[in-house]
Protein chains: 6
Amino acid sequence: MRILVVNPNTTQSMTEKAAEAARAVAGPGTEIIAATSQMGPVSIEGHYDGALALPGLLAEIRKAEAAGVQAAVIACFDDTGLDAARSLAGFPVLGLCESALITAGLLAQRFTVVTTLERSRVLLENLSRHYGFGGRAKVRAADIPVLELEDPASGALDKLRRQIELALEEDGAEAIVLGCAGMADLAYALQQDYGVPVIDGVSAAVKQAEALIAQRLTTSKRGSYATPLAKVYTGGMAEFAPSEG
Amino acid sequence: MRILVVNPNTTQSMTEKAAEAARAVAGPGTEIIAATSQMGPVSIEGHYDGALALPGLLAEIRKAEAAGVQAAVIACFDDTGLDAARSLAGFPVLGLCESALITAGLLAQRFTVVTTLERSRVLLENLSRHYGFGGRAKVRAADIPVLELEDPASGALDKLRRQIELALEEDGAEAIVLGCAGMADLAYALQQDYGVPVIDGVSAAVKQAEALIAQRLTTSKRGSYATPLAKVYTGGMAEFAPSEG
Amino acid sequence: MRILVVNPNTTQSMTEKAAEAARAVAGPGTEIIAATSQMGPVSIEGHYDGALALPGLLAEIRKAEAAGVQAAVIACFDDTGLDAARSLAGFPVLGLCESALITAGLLAQRFTVVTTLERSRVLLENLSRHYGFGGRAKVRAADIPVLELEDPASGALDKLRRQIELALEEDGAEAIVLGCAGMADLAYALQQDYGVPVIDGVSAAVKQAEALIAQRLTTSKRGSYATPLAKVYTGGMAEFAPSEG
Amino acid sequence: MRILVVNPNTTQSMTEKAAEAARAVAGPGTEIIAATSQMGPVSIEGHYDGALALPGLLAEIRKAEAAGVQAAVIACFDDTGLDAARSLAGFPVLGLCESALITAGLLAQRFTVVTTLERSRVLLENLSRHYGFGGRAKVRAADIPVLELEDPASGALDKLRRQIELALEEDGAEAIVLGCAGMADLAYALQQDYGVPVIDGVSAAVKQAEALIAQRLTTSKRGSYATPLAKVYTGGMAEFAPSEG
Amino acid sequence: MRILVVNPNTTQSMTEKAAEAARAVAGPGTEIIAATSQMGPVSIEGHYDGALALPGLLAEIRKAEAAGVQAAVIACFDDTGLDAARSLAGFPVLGLCESALITAGLLAQRFTVVTTLERSRVLLENLSRHYGFGGRAKVRAADIPVLELEDPASGALDKLRRQIELALEEDGAEAIVLGCAGMADLAYALQQDYGVPVIDGVSAAVKQAEALIAQRLTTSKRGSYATPLAKVYTGGMAEFAPSEG
Amino acid sequence: MRILVVNPNTTQSMTEKAAEAARAVAGPGTEIIAATSQMGPVSIEGHYDGALALPGLLAEIRKAEAAGVQAAVIACFDDTGLDAARSLAGFPVLGLCESALITAGLLAQRFTVVTTLERSRVLLENLSRHYGFGGRAKVRAADIPVLELEDPASGALDKLRRQIELALEEDGAEAIVLGCAGMADLAYALQQDYGVPVIDGVSAAVKQAEALIAQRLTTSKRGSYATPLAKVYTGGMAEFAPSEG
């Protein structure tokens, strides 16, 4: 199996961290192909960054289609561009938030997502509701800029631990979901420390990708994710025009 | 008051139709400034078109900020880019779907949105739920490509009428919401014919924009719609980098 | 445009405050006609007061119909009698709670309503759910009898401020809704102080009224709000009997 | 036990029918006291009638309090005035819709309410949601004016049967709820005919009243249903002023 | 009337306490028949105990059918086996949680269930949602093993009181539901102490059973609770095989 | 990896079919161990069968724990005993309904579950709601007794196809979920015929099991699924007593 892990921000070190997490859980016959968006924000923090990350992300999805990958994982916890990528691609596309929530839901009745910034908290609450976990998942923000997760000296880990402890004490959390692709390397150690499942979205999404491929399942092209209709795109977006649909 | 009506697709005739609808309802002291996206799809039909329309849309929002508008209306019923635009702009930004649904909700307990293509139906059902109208609004697709609405000979109006009639007969609809900016010119005649309120999103959004300006209210910059943080954007998106936040 | 602002309690000073707020936001061509209920409670605090305020309120709606107003605003945050008034009137009728919540929803993802007494808190939570804001709006009671809002020396403002501060600290509120018509004069100053949108229901409702008139929209008479059927009313209520429907 | 069955419309024959249904199910030690509102509409069909029925209804509740009843049933399926009566009375107050829905919920997972007029359908759907049965109960209107139920020659029964049959065929209904007090006499025969539980609200409410009395339970006076605060009522409503709270 | 109160755990003293509560509220013509499961756990604390209590419970339901009871109450707050018993029995079957919640719902808008162990908290939250009270009922665990309720010296009552006080202070609870059959004897004293309704599930369920019998209503055999189909059961379960359906 | 597929009914041919489906999708290093319940019903059709299947199912889970499996799949679409098994086992336990729904949710916005008998329809609707798919999944019953699926001459496949066609035509289904373990062999052929994803629960659950093992995740033992407390079990259930917790 060939699975693309595409980082929709342009920071190469985050791509590498995600690829490493992906390879750690991938099955023996799975090749992980990592890609980094070539245009857009260096990190995705809130709606505006998320919107401008889309062309860079979708360009990588298109390239991957040509390169014959069988599934793609969008390595951002906001599930930026997930619906658009599913419409575009002929292979399944997985988001970190959706994959992590459904994985947590197999292990616990109630759980807490710990994300980076307050501006992403409600966005993730809304996603969680959209995916059907509104009554089961709480969301906490640890007040960590995304790129601080790349810097061990930033104190980010302490802030993250503090919110996990509050989730266990105050939320009745039975499991923890790490709400940023940049936390992928921390999951197992935190799980050992706190004695509850700690779910990383990259790992969760890669396993969902493998599961779909093994079941010979791909995105439905009936209704919501129908192939984009052929039409003209103008200006700087001309190259993205769908040629048929 | 100066209100921007921005068409996030690149079809000039749709912009003109929206601007006309806007001017027809605007207050005496309101200037409607119409803008058409300079890059992206010629119509927005589904998630992929919607994603690639964002840079062109946000570029117009930025220009308008510099030009001193006091509110903006995104003239697409999918509310494409609404959250991103609200984060970016220092003035209120209105979407057609949200504005039309809240308007319908003031006039009727149950209503039906009639949109263009089946691929947009579930997208609008999800938006409707997100805005709190999941239990009140149904969505029907009339199987009309968006640009057919620009062509009187296309038979689009008949298809639209057929769905309105089904909404009244089968859904118990007490009002009708027209689910595409390209239908803005049809609302009043349909209202006269069917004897129930028929809501056009462009008109609804323009009046919401005026209402917010008159109340001296603008988007909260606390939490979800906080100003984008200053950061580097790379590649073709560099010009969109937020300079402060 | 002629818009009725009707106070469903019998306290004249509250009518005046509401009328003042209405006039402050009304468009240049709008005439605000203020009316005070002529029978019923001096303030509406809970379900019982609300029920007995209805005849007085509906009498004013009837008079206004005869006087040719084009829309009415019921100046009580409980939206007392809103459905009955919509059934009765041939023009749109707006409630403060509904208008304020939809206005807040255009500006923020999460917000908090601050109302007067604990007995009104759950009533407003239920209204908020009914209007589709159950997952977005919290309600806090400031322990202020309604008529204390008419007395600057009562300490009511301090109690209100305390709850706003708690909403910002504990609820993650991105905006504040003032949950009583008697707070209409405080909104702008509080907005300046706290740096988040502060919405007053009277202002919000007046602008919705103008918006509907401009769009030539009125309450649907199909289904829920059908004109009352002609029938006999007996006893002290005989004068309210609908003559046709 | 002394239980008041109060008809909030002024049609004596409906009171008698409700009283008969009440007596048929009441326990051996229960006295049913029937009362008819002395002012207001002759039938309650929609929001406007419901609003103007309140003073007449609440006057009967007050009298009953003085007469020492231990519980009251409001014999209208719209649960008109239920919250206000609960606030006023020192004894439990039951509504037909709430009592019938919770009874049906003990017998079936899915059921259908058959009511009279289309204008009441959404009102009952909203009540059903409010009581927590939104996902379990459907509502159908049989197009029967309430007072036709008093006339055996009206054809009302045939219309009612037709909707019951549609509920069984199309809704997957496992039980039927009769959605008008005026149908109380029909329940048992319909149950025999269709072989599914058919619930009458008057019967259900009387048994809930007895159940609460036997458990020495009454309405909570903490929060939502706190006793009305003492205050002045003016005009024709002066007699309703609460004297203490 | 003959009503079975069946304790699905095997602790005789809990059966007696439940029977006593049942007899205290039963009507004059009602005979309470108490039964204790003859196989399974001595107390039900969590999903595993609940699952293994089912055969013992269903055996008692079968015996009762033969013995001519007219309704049954399952005396466990988890509503263990309620759906299976309803499918099996030709008479109505009541659960404590469902009966207590609907009773509380007649008395208060918001209430709190106080149960024994944390492991039962989410189970009851899910039940509460399933019954339609997700937005009205909170659940608190008092950290009391079930059998400690049988021991006055265990300190269990103090823990229970502490949670009731927190429910009143922090949850805005207007009423309290005791979330374990073993608390049946405490309800009235706690109600006297705290001045809010305190609901015991055994009492509530017995009165619902009487109410259904008086209304000549029983479980629908159409759809969800259809009589089990005749089929072979093997191994130790052979005796449970349905003989027809 | 060693994964148990346990059939909670006692029909060996259904176990074999499930095992075959499991092996067809399992990864190269995965050993599928099939087990059939040794006591209980020959098929599970409704709540009663489901309840009596639990001891036989849990006995197999216990044996598997001793035999060192790393995860278990309960091969019944009702997710019978899932919560109890998760509490008992030290390894993850997967249900067919939950696994199939989350898989479908990765591929489509709206989908339809086609199950066997009407008596299971509402049960699956409730499960679907519980898992968060209430707004996305519809359920249809094909009127097929479970064991007819074992008989190619029964006409069951035609009934199943008819419901799939109705799902596509009337429900707007974008994917189909097969709602019975006995349909596991049909999924791929139906997917080829209808051109939409067709999900089999056994396959989905096995892949979820592998995914959790690879991620070193197991059921949380904090809260809902805490290990059963040590206690006495009496009568025929004594062998099931938890020895520690």
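How much area do chain A and chain B bury between them, and what percentage of it is on carbon and sulfur atoms? Please set the answer beside what is found elsewhere in the model.

A: The model is a predicted one, and the description below should be read with that in mind. Chain A and chain B bury about 3600 Å² between them, and 64% of this area is on carbon and sulfur atoms. The size of an interface is often given as the accessible area lost when the parts come together. On the side of chain A, 43 residues take part in the contact, and they meet 43 residues of chain B.

Four salt bridges are found between chain A and chain B. One salt bridge pairs the side chains of E45(A) and K231(B), with an N to O distance of 2.7 Å.

Chain B has a further partner in chain F. Here five residues of chain F are in contact with five residues of chain B. The area buried between chain F and chain B is about 400 Å², with 34% of it on carbon and sulfur atoms. From chain F, the residues Q109(F), R110(F) and G135(F) supply 76% of the area that this chain buries against chain B, more than any other three residues. One salt bridge is found across the interface of chain F and chain B. R110(F) forms a salt bridge with E125(B), and their closest N and O atoms are 2.9 Å apart.

Other pairs of chains do not meet. Chain B and chain E are joined by no contact, and their closest C-alpha atoms lie 16 Å apart. Chain C and chain F likewise do not touch, with their nearest C-alpha atoms 16 Å apart.

Finally, a packing within chain A may be considered. Helix α1 (residues 12-25) of chain A packs with helix α9 (residues 201-214) of chain A at an angle of about 50°, and their axes are 8 Å apart. The two helices, α1(A) and α9(A), are therefore oblique to each other, and their crossing is right-handed. To this contact α1(A) brings A18(A), A21(A), A22(A) and V25(A), while α9(A) brings V202(A), S203(A), V206(A) and K207(A). Of the residues in the contact of α1(A) with α9(A), six are nonpolar, one is polar and one is charged.

Key:
Residues are numbered from 1 along each chain as its sequence is written. Chains are lettered from A and ligands numbered from 1 in the order in which they are written. This is a predicted model: local features need pLDDT of at least 70, side-chain atom pairs count only at pLDDT 80 or more; totals for chains, interfaces and linings use all residues. Side-chain values use heavy atoms; hydrogens and water are left out. Axes are lines fitted to C-alpha atoms, for helices over the stretch in contact, and angles run from 0 to 180 degrees between N-to-C directions. Helices (H or I, at least four residues) and strands (E, at least two) are DSSP runs, numbered from the N terminus. Angles under 35 degrees count as roughly parallel, over 145 as roughly antiparallel, 65 to 115 as roughly perpendicular and the rest as oblique. A crossing is left-handed if the near helix is turned anticlockwise from the far one by less than a right angle, and right-handed if clockwise. Contact means heavy atoms within 4.5 Å. Ala, Val, Leu, Ile, Met, Phe, Trp, Tyr, Cys and Pro count as nonpolar, Asp, Glu, Lys and Arg as charged, and the others, Gly among them, as polar. Buried area is the accessible area (1.4 Å probe) that two parts lose on being put together, summed over both.
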